[in-house]
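Dear colleague,

Please find the structure below, followed by a short account of what was found in it.

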Amino acid sequence: MIYAVVIPVYNERTLFPLLIERLLRTPVPAHPDGATSLDRLVVIVDDGSADGTRDFLKSLDSRPGILVALHDRNQGKGAAVRTGFARALQAGADIVLVQDADLEYDPRDHAPVLMPILEGRADAVFGSRFLGQAHRVLYFWHSIANRFITFASDVFTNLNLTDVECCFKALTRDVAAQIVIQEDRFGVEPELAAKVARARLTEPASGAPRRARVYEVAVSYAGRTYEEGKKITWRDGVAALWCILKYGLRP
C-alpha cells in the first residue's frame, strides 16, 4: 500500500529543506493489521518559485520515493495540489495526504491522520488545529474568520468540521479520483470539503452506494507571522466564502 505526501511549494528556500529533513526522518506508520506493508511516496510540486527553492529540488529529483513536478509560473496552492493529486494517482497511490511546505504542520502528525483510513473506518480525514493539540498563539481575527468560514462550509456540506482551512487532508484513492480541483489558490480548502461531502462510493459487500466516511483528527500547528512569510490574506478569506457558495450550491 502506498500513501503519497503531496507538498505544494512556493518560495520556501529556507524552511522547505527543514520540512523535507523532518519528513524523511519520520518513520513510515505501521499498518494496524500488522501484515500490510506501507510505503511513502513524496510528491513535490514547485509552483514557480524564484527564490532558489528549485536549486534545492534538483538534489531531490533523483532520490527514490520522491517525485518532483515544476510549474513554469506561479499559479497558486490549488493548482499545485491538483498537479500533485494527478501525479500521486498516476504513481499508484492508495492514499493521498496534503502537507504544506513551510513547517507550520508537522509530518509526525501523518500517522494519526492516516490511521482512520488504514483501520478501514474512514475514506477522508481532515486535520484540525482546534481539537486539543499544541498550537502557536497568533492572530485573534484570523481565528474568528476561520471559525466563520468553517461554519459557512459546514452549513452547505452538512459536515461538522471544526477547521476547514487546515492543511492536512488525507483521501483514499477512490475519493481523490472523483475530485477535479478547479480552484487555483487557497479556495481549494473549502472546495475539497464540498467535493468530499458529495463523493459517493460503493459498499463492497452489498454494492450499495454510500457517502464518504469523514473523520477529523487533532494536529499540532506552528503558525507563522506575516514577517516570517505567511502568504494567506483577507482576500483569500473572501474568496473562500465565494467558493463555499460556488461549490455548496452546486448539485
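Which residues lie nearest the centre of the second largest pocket? They are Ile 117, Ala 122, Asp 123, Thr 172 and Arg 213, among 17 lining residues. A pocket here is an open set of points on a 1 Å grid over the protein atoms alone, where a 1.4 Å probe fits, with protein on both sides within 12 Å along at least five of seven lines; lining residues have an atom within 4 Å of a point.

This is a predicted model, in which local features need pLDDT of at least 70 and side-chain atom pairs count only at pLDDT 80 or more, while totals for chains, interfaces and linings use all residues. Residues are numbered from 1 along each chain as its sequence is written, and side-chain values use heavy atoms, with hydrogens and water left out.

The whole structure holds 16 salt bridges (a side-chain nitrogen of Lys or Arg within 4 Å of a carboxyl oxygen of Asp or Glu). In one of them, the closest N and O atoms of Lys 77 and Glu 189 are 2.7 Å apart. This pair links helix α3 (residues 77-90) with helix α7 (residues 188-198), across 112 residues; helices are DSSP runs of H or I, at least four residues long, and strands are runs of E, at least two, numbered from the N terminus. Glu 189 also meets Lys 169 in a salt bridge (2.6 Å, N to O), and Lys 169 lies in strand β6 (residues 169-172).

Yours sincerely
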